[in-house]
Structures are given as structure tokens and as C-alpha cells.
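Have the sequence and the 3D view open as you read.

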Amino acid sequence: MLFVKMCPPFFFCPIPGDWIYQPNQGSTIWTILLACERVKIFMAWNVFGATTPAPYHTHQENQDYYGHITVDGTCLLVAADGAGSCPMSQVGAEYAVTRAITLFTSSTPTNPTAEDAEALITQVRKDFLETFGEDHKDYSCTLTLVMLTSTRWRSATIGDAFSMVLDEHGEWVCCSGGEVGEYANETVFLNSKHATPMVCEGESPVFAAVSTDGLQGVSFQGGDPFPGFWGPVSQFTTAEDVMEMFHSMCGKGRVVDDTTLLCATRGGAGQGAVED
């Protein structure tokens, strides 16, 4: 099952089927869900997520984009954040996520390595630059992805989006690009000249998430993952849980940018094939 989500507003649809076009709660943007017979679904990971636009983006659509896919027991989570100053960054973010999923589907590693994660994000970057050519700066975005199996995780990030993983020993690990450009306040994007992926890896994941930088201010403390945030989030089980948190954050003025959180928790309903 392939689920790709573009917001605003919030929407989640876990139902497998053929190409399904679902209006996004009154939005002209569509949610696309693809399930195909050749892709098997392994329910070792329960995947859910949501996104919310920045309150001050009154004349601008949400520029975040995210998606996920599970192929033969290996799960891929992906999130991208379009640069607010670039006119086509929303398109760029969509392209980066969908391209990562397409490449992953065509060649899924059974036991992903750090090299697999780096190769995937590097190929997305190459394809991004070839697709948008001389105008690629208009489509600028960051990108983070994480590959999950029942025994290991591998992540790669370019820019200030990030991946967060909790292992069975209770250790939190963050994978964030963290790079800056020529100037201290300049974000590195997927298509930046000297962009280099940050690659992380670990074993025995029980929870994983990908997020855009809108959550950095509330989810870190002293540069480390903030247990007061990630502890409760690791107990979430549905998109509604994420949405409720976002609504609470908005009410407290804690959402200052487009914000996305896509989570995966261990413990599904077993294995099975996609329904026709």
C-alpha cells in the first residue's frame, strides 16, 4: 500500500484498494492511495501522520509533503519541507517524496544498510536536479527519510527536517542534516550545491518518526530529544492523536511554521496481502 499525503488540511486514509482519489476535506488538493497486488503489506508497523500549515500562511498553501510505503516488511517514511521563499517549493517537496517512494518500491532492500539510505536520498537529489534543471532553486526543499525493519533502521537527511527513532533499550536517536549554507541562517536544501546527506543507523526500533523543522522548537531541549515531547508522542497510535496535538499547539501559539509528523509504531495485526 502506498499512501501519499499532501495538506492542508488534515487527512488520513488507511484503506487499501486500486487508485483512490479522495477529496481532502473540501480542499482542491487530492489524497492519493495506491495499492497494487505485487506489493505485500506487512503490518509490523502501524504508520500514521498529519500536517498543519503555519497560522500566518494565510495566502499560501502548506509546503510540507509526506508519504510512506511498506514493501515486503521494510517500511519507508519520508517527509519534505518546501522553502517558503521559493515559488514552486510545494511542487518540489511533493516530487522529492514521491520520487523517493518510487525508487524505494522499484528496488527495496530486504535488510537496509546505511549505504542504501544514502544511495536513495542521493538518487532523489540527482533526479530532482535533472527534472527541474536551471530553475531548480524555485523548487527548493529539505528531505528526510528512514527505512525500518523489525530489527534495524537506517536514515538519511538533507536540510533541517529530521528523523527520530526510539529503540527497545529506550534510547532516542535523531538524524538531522543540521547543515547551514554560506551564512549561519541559511538552510541547506536537497538541491543546494554542496548538500551532503547526514546518515544514521541503529538496531531494534520500536518507534520512528519523520518531521519537518516546525517541531524543532518544542521537541528538543539543549539540542537533545525532549522526553516531555517524544514520550507522549511515542504512545500515539492514530493520525487523530497527531491532529489533536497540533490543534493544542496552535491554540498555544506554538506552531510558527508548516509542521508535519509521520510516525511508525511497532505492533500491527500480523502479515497479509493487499486486498484487491
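## A question to start

Does R154 count as buried, partly exposed or exposed? R154 counts as buried, at 5% relative accessibility. Here buried stands for under 20% relative accessible area, exposed for over 50%, and partly exposed for what lies in between (1.4 Å probe, protein chains only).

## About the model

This is a predicted model, in which local features need pLDDT of at least 70 and side-chain atom pairs count only at pLDDT 80 or more, while totals for chains, interfaces and linings use all residues. Residues are numbered from 1 along each chain as its sequence is written, and side-chain values use heavy atoms, with hydrogens and water left out.

## The chain as a whole

The protein chain holds 17 strands and 5 helices. Both are DSSP runs numbered from the N terminus: helices are H or I with at least four residues, strands are E with at least two. Of the 276 residues in the chain, 53% are buried.

A salt bridge requires a side-chain nitrogen of Lys or Arg within 4 Å of a carboxyl oxygen of Asp or Glu. The count by this rule is 3.

One of them pairs D127 with R99, with 2.8 Å between the closest N and O atoms. The two partners are 28 residues apart, D127 in helix α2 (residues 114-132) and R99 in helix α1 (residues 89-106). D127 is buried at 8% relative accessible area, whereas R99 is partly exposed at 26%.

Now back to the arginine from the opening question. R154 forms a salt bridge with E201, at 3.2 Å from N to O. Because E201 lies in strand β12 (residues 198-203) and R154 in strand β9 (residues 152-158), this pair ties together parts 47 residues apart in sequence.

R154 also forms a salt bridge with E203, where the closest N and O atoms are 3.2 Å apart. This pair again links strand β9 with strand β12, across 49 residues. E203 is partly exposed, at 42% relative accessible area. Together, R154, E201 and E203 make up a network of salt bridges.
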